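Here is a short briefing for a first look at this structure. Keep the sequence and the 3D view open while you read.

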Amino acid sequence: MASSLISKTTYWAVFIPLLLVSHTCNGFYLPGSYMHTYSTGEEILAKVNSLTSIETELPFSYYSLPYCIPPNGIKKSAENLGELLMGDMIVNSPYRFRMNINESLYLCTTSPLNQHEVKLLKQRTRDLYQVNMILDNLPAMRFAIQNGVNIQWTGSPVGYTPPNSNDDYIINHLKFRVLVHEYEGTGVQIIGTGEEGTGVISEADKKKASGYEIVGFEVFPCSVKNDPEATTKLHMYDNVTSVNCPLELDKSQIIRERERVSFTYEVEFVKSNIRWPFRWDAYLKMEGACVHWFSILNSLMVIFLLAGIVLRTVVRDLTRYEELDKESQAQMNEKLSGWKLVVGDVFREPNCSQLLCVMVGDGVQITGMAVVTILFAAFGFMSPASRGMLLTGMINLYLFMGTAAGYASVRLWRTIKGTSEGWRSVAWSVACFFPGIVFVILTALDFILWGSKGTGAIPISLYFVLLSLWVCISVPLTLLGGFLGTRAEPIQYPVQTNQIPREIPARKYPSWLLVLGAGTIPFGTLFIELFFILSSIWLGRSYYFFGFLLVVFLLLVIVCTEVSVVLTYMHLCVKDWQWWWKAFYASGSVSLYVFLYSIKYLVFDLQSLSGPVSAILYLGYSLIMAIAIMLSTGTIGFLTSFYFVHYLWRSRRAALTVSVKPQMSPPPLDLNPKLADLTTNRIESNKIVIEFRDLPIDLMLNTPASVA
């Protein structure tokens, strides 16, 4: 069956991890990171990530600007694969906190700013770059009021530019508010998915100890002009008097040459009733649940509408043809039309059959990765506390889904060709097709990022890591899946294929127009969720509606299957037997509308995005997303259509009836010799019923219309 093209390994890849995790799911918290309790006075060092902006999408290193250097020098934190690909660069910072001690401290005073530093500071300020600080794995949260609305941001700005002014002011004083919750150890078990990795910590045997947990981290930035002569006499972490953020510009620190900037900060610890397992709720609070429900209801209406079309049209036609089989042969010959006329061509090998097998194989791999990723995220395994975990998990799942891709593509190849010859070429193509496209696009974007000196460029060392993963994991597993595909039984066609292809009637309008139009239906299911996803990627907003995403994904799969089946049946009814590629692109064409919507989002919703470099980066990443969606949705539609067509002709048996006199034995039938082994006859209600098995329709029409 066509459904068996998807390897059983996909099932086990989902079932076994869930089984193992469900065995350990007894009294631990997901998602989260390693819980750390601090005693009063214990030092806590903050970290800083790359400078980011929603205007340029080009991350830069924190120390590319003239900020204070930590006493022990700059040290990079260990980063996973996802963090490196996302352009994160987490390093230590000079900001020091002491649990439950409120203090106001001095950091450093820069040397006089030169022309290059002033240019960088002004450019980063006007491009709205943010300083992303991290304390106990929590990003700093900032609240701002815009147009009377309280808006939540992460990070603090590099500087600000007052309205109707050409001067820029640097943020050199930060007020931190750290929310803490008093904790008493009770012998609990916690699973960790934090920066240090994933694992289970058992506290049951540890001595009960009281301490404080950090459950919130807020920052209030301001610009303060200090006396450089007075501050140069201070040392790092010396106490200074607390200051109020000035509203007058003459008391703020301007950015210009020869200015010396002094950096200070204040810390205030506030006790909170928020418990540690719920500390991420403030970051993951997302508005718009009603919009998501509206999207789901809209998709359900589309599904019911398409289901009605399928049931009413296809089932009605099948019933009508069954009624025709009970009439006389002459009447059936006159009324015979539609999809039954292409029975001898419906399983004819399509054009570019190897490319089709390759794209279906890659689609199975991407779909399997998406299903497992969304399931894990919906159940809370993809924790926001572990940066880059989602992308790292997607890459690992994609690599290990190579077995399913190789199996599906090679088995489809055997079904089309009837032989295993050439399966290695198919498996190798599957392993190289989509990764090759992604490699070419990312390399082109990397040259742009390298020219801009941003931290988002993929390092050469990471290229070798990705290449090693592909060569050592993806390629062998894909070849293994292909080998298993050669050992599996090919799918047997229910009818034979004629040697001479049937001519396809001319149509008033090109068929590709209908195929492209079909993509608008699954896009209607997807576009609302797509808006939230694009906003989380490009506007720095949190996205944690994975439950809604799982429902929308399931609805998208259903819509893609219905659209592809309806379109395939429509083409067969007009005697167009070249349905293979049309079935793939009927649902796969949704990717075209996804890419067009991405362009619309760039023009109308990302108006702050500045510069051609940022636009090229955005379009490059959007193109990768669109290609992946095309392969996934196209594969879903094709496999469903293949199963539908296979079922359609497997369940059909052409029958001829001949009237005879009562109590007569069956007369000898002068049938076409080619039909001798394909027919059986019996007497039924004074009629001879001649049943044809695996019968090409042109042979049936050559049979004499009456016998005596």
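Strand S5 (residues 133–135) and S6 run antiparallel and are joined by two bridges. This is a predicted model.

- S5 and S6 belong to an open sheet of four strands, in the order S2-S1-S5-S6. The pairing is antiparallel.
- Which strands stand at the edges? They are strand S2 (91–98) and strand S6 (138–139). Each has a single partner strand, so one side of each is left without a neighbour in the sheet.
- Leu135 has Leu138, in S6, as its bridge partner.
- As a general point, strands of a sheet pair through backbone hydrogen bonds, either parallel or antiparallel.

**Two loop residues with positive phi**

- Asp136 is found in the loop between S5 and S6. Its phi is near 50°, a positive value in a residue other than glycine.
- Is Asp136 buried or exposed? Asp136 counts as buried, because its relative accessibility is 15%, and buried means under 20%.
- Leu128 lies in the loop between helix H3 (115–126) and strand S4 (130–131). Phi of Leu128 is near 60°, also a positive value in a residue other than glycine.
- Leu128 has 44% relative accessibility, so Leu128 counts as partly exposed.

**Helix H17**

- Helix H17 covers residues 590–605, with 16 residues. From first C-alpha to last it reaches 21 Å, close to the 22 Å expected at 1.5 Å a residue.
- Which residues of H17 are buried? They are Val590, Ser591, Tyr593, Val594, Tyr597, Ser598, Tyr601 and Leu602.
- In general, an α-helix has 3.6 residues a turn, so residues three or four places apart point the same way.

**Cavities**

- How many cavities of 30 Å³ or more are there? The count comes to three.
- The second largest cavity holds about 70 Å³ of space.
- Its lining includes three tyrosines, Tyr62, Tyr67 and Tyr95. Also in the lining are Val131, Ser156, Pro157, Val158, Ile171, Asn172, Leu174 and Phe263.
- By class, the lining of the second largest cavity has nine nonpolar residues and two polar ones. It has no charged residues.

Key
Residues are numbered from 1 along each chain as its sequence is written. This is a predicted model: local features need pLDDT of at least 70, side-chain atom pairs count only at pLDDT 80 or more; totals for chains, interfaces and linings use all residues. Side-chain values use heavy atoms; hydrogens and water are left out. On a 1 Å grid over the protein atoms alone, a cavity is a set of points where a 1.4 Å probe fits but cannot get out, and a pocket is an open set with protein on both sides within 12 Å along at least five of seven lines; lining residues have an atom within 4 Å of a point. Grid points are joined across faces, edges and corners, and a volume is the space filled by probe spheres set on the points. Ala, Val, Leu, Ile, Met, Phe, Trp, Tyr, Cys and Pro count as nonpolar, Asp, Glu, Lys and Arg as charged, and the others, Gly among them, as polar. The expected span of a helix is 1.5 Å times one less than its number of residues. Buried means under 20% relative accessible area, exposed over 50%, partly exposed in between (1.4 Å probe, protein chains only). Two strands pair if DSSP finds at least two bridges between them.
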